[in-house]
Every structure is written in C-alpha cells, then in structure tokens.
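This report examines selected elements of the structure shown below.

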Amino acid sequence: MHTDGTISITVNGEHRRVADGMTIADLANELGLVPEKVAVERNLEIVPRSTLADVRIEDGDDLEIVHFVGGGDHARPVEDDSWTVAGKTFRSRLIVGTGKYRDFAQNAAAVEASGAEIVTVAVRRVNVSDPKAPMLTDYIDPKKVTYLPNTAGCFDADSAIRTLRLAREAGGWDLVKLEVLGEARTLYPDMRETLKATEILVKDGFKPMVYCVDDPIAAKQLEEAGAVAIMPLGAPIGSGLGIQNRVTIRLIVEGAKVPVLVDAGVGTASDAAVAMELGCDGVLMNTAIAEAKDPVMMAAAMKAAVEAGRLSYRAGRMGRRMYADPSSPLAGLI
C-alpha cells in the first residue's frame, strides 16, 4: 500500500491507483459502470457478478472488465414511405392479380393477406347465359381496392386500345395497365405495338402503366410517350424464374422519372425482395400467389418480402469486399 492509502492495480491493461479497501463493485461505480452489466476477470479468474460487492481489490491485482459492444444507432421508427403514380398515392408496394385462384373467395382472402391496395383485372365478356353468376366485384370491393384494368391476352395495339376503352366505359378507370404481347409461347411484349398503343392511349386521356421488356432504352421511350409507370418483366409471365437480369432492371430504375415496378416472373418471396432491393417502386404478381400450395399464406409472405426489400434498399447495402473484415471491434480486445 502506498503512503497515501492507495494501492496499485492494472485495469484493462492500464495502471491505476485506487483506495485501499475498495471492492470491485466500488471500482465499477467509480468508473461510471453498472456492475450488473459487466463481467470481471481478476488475475485470470472470473469473479461471479453476485460477489462483486464483496470482493476487495488487492495491491497488484490485474483486472479485466468487459461488456458487450455493437455498432450503429438504435432502431428508428420508419416514417411514411408511400409512393405515387398518376397523382394517386398508395402505401402498399405490392400489386396482385386476380386470375388462377380456386374461386373469388380465395382471391379475396389473398388480397386481404397481401395488404395490396391495387389489383389487376382482366376485361372479359359478361356471361349472358348466366347473368347471376358470381362476379369479382362481389368479393373485392372496387371502392376499397383500386382496380387496374389490364389488356392481358391482347396481341396488337388495336385490341389493347379497344379493351381499355371498354374498361373505362364500364368503371370509369383511366389508370390502366397496358400489355401487348408478341407471341403466345413466351408472352414477351411486342414493343413496337406497345409503344404505338401507349401514344394513342395517352392522347385519349388514359394513364397507362406499361408492361415492357427489361431494356433501359425501351423503358425511356415509353416514359417519353407518356407512360405513368414502367413495368419491366423479371422473367416470362407465369414462369416463376425470379429476376433474371438485375443489371438492366437497375439501369431502368436509375434512368426513370416515373415509378418502376417489376411485372412477371416472381416465383417466391425472395424474388420480390430482390426486386425491391434493386430500387423498384413496387412489384406486380399473380401466379406466384395463386399457384402456391397455400395462396393466402404466400400472399402474406409476399407482403413481408416487399416490405423487407424496400427497407433494405433504403437502409443501403454494405459494400462488397474481396477479403474478410472482422465484425467485432479490435479495440478493447482482451
């Protein structure tokens, strides 16, 4: 003991003088630490936390005091992250189709589970032989969910335009989804007919969200023609292959001034998350949910995936590195 009533000890590799008779708990408090939140090793032996207030520090003791460390700030509440297309704002970034379900009731349950605020609807002839047959509007209320009439099955601009004019007459919709297919085998879009239809529809007062190939040049041409959203395919319609060309999707996102939504090719939840991580404003899908073994459960999974992918994109991905980089800090290593 020193003449001033102190003793010499080592704490985490640093020499320190403390009052004789001090306990380890006293030392922790003096250092501004909470004894219940640290672990202490004394001369290479662990000191049980329950005894810290009883163990007196001796001259020459070598103490290691450790705690758990992490990085970054505490989680912050996520602010509103809505998106807008053609002047209409939505919270959900998942759009779902209304085909291939077992029945309208299952379709409605899946829409509910997905949280979608927009559903695509095909325009088909009324069943005149049974006018009392159930209709989609009996199960999914167009006053609560936005109907997005589409031109599924159209293989030229004229038939697509005719279909959407009938849709507007039936429901007053001007926000529509345009797709003009090139062939039945791949269901790839015919971009020449698609561009032609876009130009005519815009002049006719429509606000088309347009299905297209994953080509940045074609996407820009559609935007310049008046498309209110660009919807590049991730893979062929109904294939479930996932996002096949992430580079071109990303290029479309970077070059667009209107919303970009991946349309077609999603097969499972991770595909939806990838689309959102690429910076897309949303994802449109039908078969991935409707043909799942449990469509309602898959709809809930897709909702979570879209939300997770969007959060991941906004958070900002870490940079890729060639070599390892320790995640635990080296400072304070025992």
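In this predicted model, the buried residues of helix H2 pack against strand E8 (94–96), strand E9 (118–122), helix H8 (287–290) and helix H9 (295–315). Helix H2 spans residues 104–114, and its buried positions are Gln-106, Asn-107, Ala-108, Ala-110, Val-111 and Ser-114. An α-helix has 3.6 residues a turn, so residues three or four places apart point the same way. At the N-terminal end, H2 is capped by Asp-103, which places a side-chain oxygen 3.2 Å from the backbone nitrogen of Ala-105. Just after the helix, Gly-115 adopts a positive phi of about 75 degrees.

An unreviewed UniProt entry carries the annotation "binding site" for Gly-238, Ala-264, Gly-265, Asn-286 and Thr-287. These positions are spread over 50 residues of sequence, yet they cluster in space, with a largest C-alpha distance of 9.5 Å.

| Residue | Location | Relative accessible area |
|---|---|---|
| Gly-265 | loop between strand E14 (261–263) and helix H7 (269–277) | 5% |
| Asn-286 | loop between strand E15 (282–285) and H8 | 18% |

Gly-265 is buried because its relative accessible area, 5%, falls under the 20% cut-off. Leaving aside residues up to four places away in sequence, Gly-265 touches Ala-235, Pro-236, Ser-239, Gly-240, Leu-241, Gly-242 and Asp-271.

Asn-286, at 18% relative accessibility, also counts as buried, because the cut-off is under 20%. With the exclusion of residues up to four places away in sequence, the contacts of Asn-286 are Gly-97, Thr-98, Gly-99, Lys-100 and Tyr-101. With Gly-99 there is a polar approach: the backbone oxygen of Gly-99 lies 3.1 Å from a polar atom of the Asn-286 side chain.

Five strands form an open sheet in the order E2-E1-E5-E3-E4, and their pairing is mixed. Strand E2 (14–19) and strand E4 (45–47) are the edge strands, each pairing on one side only. From one strand to the next, the twist averages 35 degrees. Within this sheet, strand E1 (residues 6–11) pairs with strand E5 (residues 62–66) in the parallel sense over 2 bridges. Thr-10 has Asp-62 of E5 as its bridge partner.

Notes
Residues are numbered from 1 along each chain as its sequence is written. This is a predicted model: local features need pLDDT of at least 70, side-chain atom pairs count only at pLDDT 80 or more; totals for chains, interfaces and linings use all residues. Side-chain values use heavy atoms; hydrogens and water are left out. Buried means under 20% relative accessible area, exposed over 50%, partly exposed in between (1.4 Å probe, protein chains only). Helices (H or I, at least four residues) and strands (E, at least two) are DSSP runs, numbered from the N terminus. Contact means heavy atoms within 4.5 Å. A polar contact is a pair of N or O atoms within 3.5 Å; within protein, one must be able to donate a hydrogen and the other to accept it, and residues adjacent in sequence count only if both atoms are side-chain atoms. UniProt positions are given in the numbering used here, feature names are shortened, and annotations may be inferred rather than shown by experiment. Two strands pair if DSSP finds at least two bridges between them. Axes are lines fitted to C-alpha atoms, for helices over the stretch in contact, and angles run from 0 to 180 degrees between N-to-C directions.
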